[in-house]
Amino acid sequence: VDFASLADSRACKEFKAALPLCLGVDVRGEPVTADLAKMPHLLVAGTTGSGKSVGLNTFILSLIKAKKPEEVRFVLIDPKRVEFGIYDNQQYMLAPESMTRNIAEYHSRVGLMPYIVCIIDEFADLAATGPEAEKYVRLLAQKARACGIHLIVATQRPSVDVVAGVLKADFPCRLAYKTASAADSRTILDTGGAEKLLGRGDALYLDGRGRLLRLHGAYVADNDIRTLL
């Protein structure tokens, strides 16, 4: 599925959301969209070649195409330092404190503050640096929504020692590309099936309300990313 065509589809262009994501297309070829702000975080898993990293790129580009820099900023974390180098020109911001309870109140009382989307490409590698890393990601997931910070956390190894239950509780929306085993599928989706996917973008999406949807993610090449930025 070509990302440029998907992003230019009527469904994606007319989808009104604070943080719109083009997830791919369903089995009928219809675009599947979601609002990251309402998720409020997304847990992504998939083995090598499953389409996980390409999917992360399409999520970033979905937000770039839909929102201005004043509306969303990114924090991109890649322990392997191979996936996100193309986005080196992205800007970062530190928001001042304003004694407001959440980002909506900040907008009404103070003015526009951009959403911040933090994307971690390989959580297992980050967690391997020590227990503090997982602790702070978990705390961020619990408290970040009110101030407009939303997480997309991805891993190739969705085992129970990496994706603990306490972390999953804060990620009701989950996206599984092909996994290495049924056990990995159950860890990410609470059910088997992801191990039987075809790879190359074939995925199962758990929408946060217990509904499981099969979809196919869009593809974008590195050269196309440079064109779209």
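**Ground rules.** I number residues from 1 along each chain as its sequence is written, and side-chain values use heavy atoms, with hydrogens and water left out. Because the model is predicted, local features need pLDDT of at least 70 and side-chain atom pairs count only at pLDDT 80 or more, while totals for chains, interfaces and linings use all residues. Helices (H or I, at least four residues) and strands (E, at least two) are DSSP runs, numbered from the N terminus.

**Sheet.** I traced an open sheet of 9 strands with mixed pairing. Its order is E2-E1-E9-E8-E7-E3-E6-E5-E4. Two strands pair if DSSP finds at least two bridges between them. E2 (31-35) and E4 (72-77) stand at the edges with a single partner strand each, so one side of each has no neighbour in the sheet. The twist averages 25 degrees from one strand to the next. I then checked the E4 edge. E4 runs parallel to E5 (residues 115-120), joined by 6 bridges. Val75 has Cys118 in E5 as its bridge partner.

**Helix over the sheet.** I looked at H3 (residues 52-66) next. H3 lies across E1 (20-26), E3 (42-45), E4, E5, E6 (149-155) and E7 (173-176). Its angle to E1 is about 130 degrees (axes are lines fitted to C-alpha atoms, for helices over the stretch in contact; angles run from 0 to 180 degrees between N-to-C directions).

**Cores.** A nonpolar core is a set of buried Ala, Val, Leu, Ile, Met, Phe, Trp, Tyr and Cys residues joined through side-chain atoms within 4.5 Å. Buried means under 20% relative accessible area, exposed over 50%, partly exposed in between (1.4 Å probe, protein chains only). The largest core has 43 residues, and Leu42, Phe59 and Ile152 touch the most other members. H3 gives the largest share of this core, 5 residues. Another core, of 24 residues, lies apart from it and includes Val137 and Ile188.

**H6.** Which residues of H6 are buried? I found Ala133, Glu134, Val137 and Ala141. They sit on the same side of H6 because they cover an arc of only 95 degrees around the axis (taken from the directions from the helix axis to the C-beta atoms). The face turned away carries the exposed Pro131 and Lys143.

**Leu228.** I placed Leu228 in H9 (residues 222-228). Leu228 counts as partly exposed, at 27% relative accessibility. Leaving aside neighbours within four places in sequence, Leu228 is in contact (heavy atoms within 4.5 Å) with Phe3, Leu61, Lys65 and Val220.
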